[in-house]
Amino acid sequence: MLAFTGSVPGSRRALRTDALFAAALAVLSAALAVFVEDGVRPDLLGWALLLCAHVPLAWRRGRPLLALLGVIAFIAPYHAIDYTHMAAVPVGMVALYTVAASGRPRRALITGLLVVGITLTVNASVEPHQVGEVLRISGWIVSVLLLGVYVRIHRQYVTSVLERAERAERTREEEARRRVAEERLRVARDLHDLLAHSITLVGVQTSVAAHVLAADPERLDRAAVAKALDDIADTCRSARGELRATLEVLRAGTAEESRGPLPGLDGLADLAQAARTSGAEVDLAVAEAEAPPAVGAAAYRIVQEALTNAVRHGGTGLTIRVEIRTADAALRVTVTDDGDGRVADDPSHTPGFGLVGMRERARSVGGTLEAGPRDGGGFGVSAVLPLVPVGLGGLG
């Protein structure tokens, strides 16, 4: 604990600062010795004892007890010879204050008892008539020790407050970094779901248009081509709108300011219709259920990704069944198809993050998800999402 300044005890700066302070205090003591009549004016020995008593103060923070003993070693004979007593009071009080301010209260108590006890004992045996004066001086000694203890406790309190503030600041920074990481993951999931779904549909619809154009150029079905191109335009408009809403999150100060309403179960019909434009037959069965926004959004994204994977990997003549129902306080999402999965089995096919993203979305609301090939052929996705979600991180 520092006594007066912020210098580290034992450092050169602390030694230099305390040496200058000791010199200034010596000048004050010398002035008191000259102008105050409180005993015999110091002679050569008195001046030597008085000035030498200030030298230990240069090490008062690094070795407070030794500094106090050094001061006592010089001022005890100084007082005993009855030199000007007031001149030696400042150096003694500073040494006592340093001991109290740099150590535990118990040390200050023991030091005060020893100093006061020895002083009273010596004076009572040598000059009994000055016991009253010694008691008065003892009161000042106790006051200085109490001041040192108070300063130490106050500094400890201030230090603890600063430490708590620093910990709170670090906690806020860590929370901010965690929120940024969660928001990045949420945006990455949304972009993956949006782009994968839209690009897959555009690819399939483009293939349909190309097939119509190349099938019989002499008897071109203009209506079929126009419908395929309209489907592509609708898919691009829908994707552009979702992409704009997702990217606005990155421009806002916080995600909550621009996240907007979450997609939910009411958007499943549009997903099914978009999948139908790719040539797949989609059977959608959605039971009436009131799901929390986060749960509805998780179900929407899971169905979106499942439809995208089915259209991409299921092959031709695909039939997809989507079922949403409630049971045991949970929303149960099932997406199955009868595709042959030939694209997924292609060695040149690069695995994506679709299944990982679906599982993460299910876990984010405390649910579970299973996905894999079905025994009778095709692929199946089954998710159980509690209607009272345990976490909402990363959804949107």
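Modeller: The account below begins with the sheet and then turns to other parts of the chain.

This is a predicted model, in which local features need pLDDT of at least 70 and side-chain atom pairs count only at pLDDT 80 or more, while totals for chains, interfaces and linings use all residues. Residues are numbered from 1 along each chain as its sequence is written, and side-chain values use heavy atoms, with hydrogens and water left out.

The sheet is open and has 5 strands in the order 1-2-3-5-4, with mixed pairing. Helices (H or I, at least four residues) and strands (E, at least two) are DSSP runs, numbered from the N terminus, and two strands pair if DSSP finds at least two bridges between them. Strand 1 (281-286) and strand 4 (368-373) are the edge strands, each pairing on one side only. From one strand to the next, the twist averages 10°; axes are lines fitted to C-alpha atoms, for helices over the stretch in contact, and angles run from 0 to 180 degrees between N-to-C directions.

Strand 2 pairs with strand 3 in the antiparallel sense over 8 bridges, and within this pairing Thr 326 stands opposite Leu 331 of strand 3. The loop between strand 2 and strand 3 holds Asp 328, whose phi is positive, at about 55°, although the residue is not a glycine. Most residues other than glycine have a negative phi. Asp 328 counts as exposed because its relative accessibility is 70%; buried means under 20% relative accessible area, exposed over 50%, and partly exposed in between (1.4 Å probe, protein chains only).

Strand 3 is also joined to strand 5, again by 8 bridges and in antiparallel fashion, with Asp 337 having Phe 379 of strand 5 as its bridge partner. Strand 4 and strand 5 form an antiparallel pair over 6 bridges, in which Glu 370 stands opposite Ser 382 of strand 5. The hairpin of strand 4 and strand 5 has 5 residues between the strands, and Gly 377 takes a positive phi near 105° there.

Helix 9 lies across strand 1 and strand 2 and runs at about 170° to strand 1. Helix 10 packs on the sheet and touches strand 2, strand 3, strand 4 and strand 5, its direction making about 175° with that of strand 5. Contact here means heavy atoms within 4.5 Å.

The largest nonpolar core has 32 residues, and those with the most contacts inside it are Ile 302, Val 303, Ile 320, Val 333, Val 335 and Leu 385. Such a core is a set of buried Ala, Val, Leu, Ile, Met, Phe, Trp, Tyr and Cys residues joined through side-chain atoms within 4.5 Å. The elements giving two or more residues to this core are helix 9 (268-276), helix 10 (293-313), strand 2 (319-327), strand 3 (330-337), helix 11 (354-364) and strand 5 (379-386). Helix 10 supplies the largest share, 11 residues. Val 333, leaving aside its neighbours within four places in sequence, is in contact with Ala 299, Val 303, Glu 323, Ile 324, Val 381, Ser 382, Ala 383 and Leu 385.

Apart from this core lies another, of 31 residues, among them Tyr 78, Val 91, Met 93 and Ala 95. A search of the whole structure finds 1 aromatic pair. Tyr 78 and Tyr 83 form this tilted pair, at 5.3 Å centre to centre and 40° between the planes; rings of Phe, Tyr and Trp (its six-membered ring) pair if their centres lie within 6.5 Å, and planes under 30 degrees apart count as stacked, over 60 as edge-to-face and the rest as tilted. Both tyrosines, Tyr 78 and Tyr 83, are buried.

Asp 82 lies in the loop between helix 3 and helix 4 (89-102), with a positive phi near 75° in a residue other than glycine. Because its relative accessibility is 33%, Asp 82 counts as partly exposed. In helix 4 lies Thr 98, which counts as buried because its relative accessibility is 1%. A polar atom of the Thr 98 side chain lies 2.8 Å from the backbone oxygen of Val 94. Leu 66, in helix 3 (residues 64-80), counts as exposed because its relative accessibility is 54%. Leu 66 and Ala 95 are 29 residues apart in sequence and 9.7 Å apart in space, C-alpha to C-alpha.

How values were computed
Polar contact = N/O pair within 3.5 Å; in protein donor to acceptor, adjacent residues only side chain to side chain.
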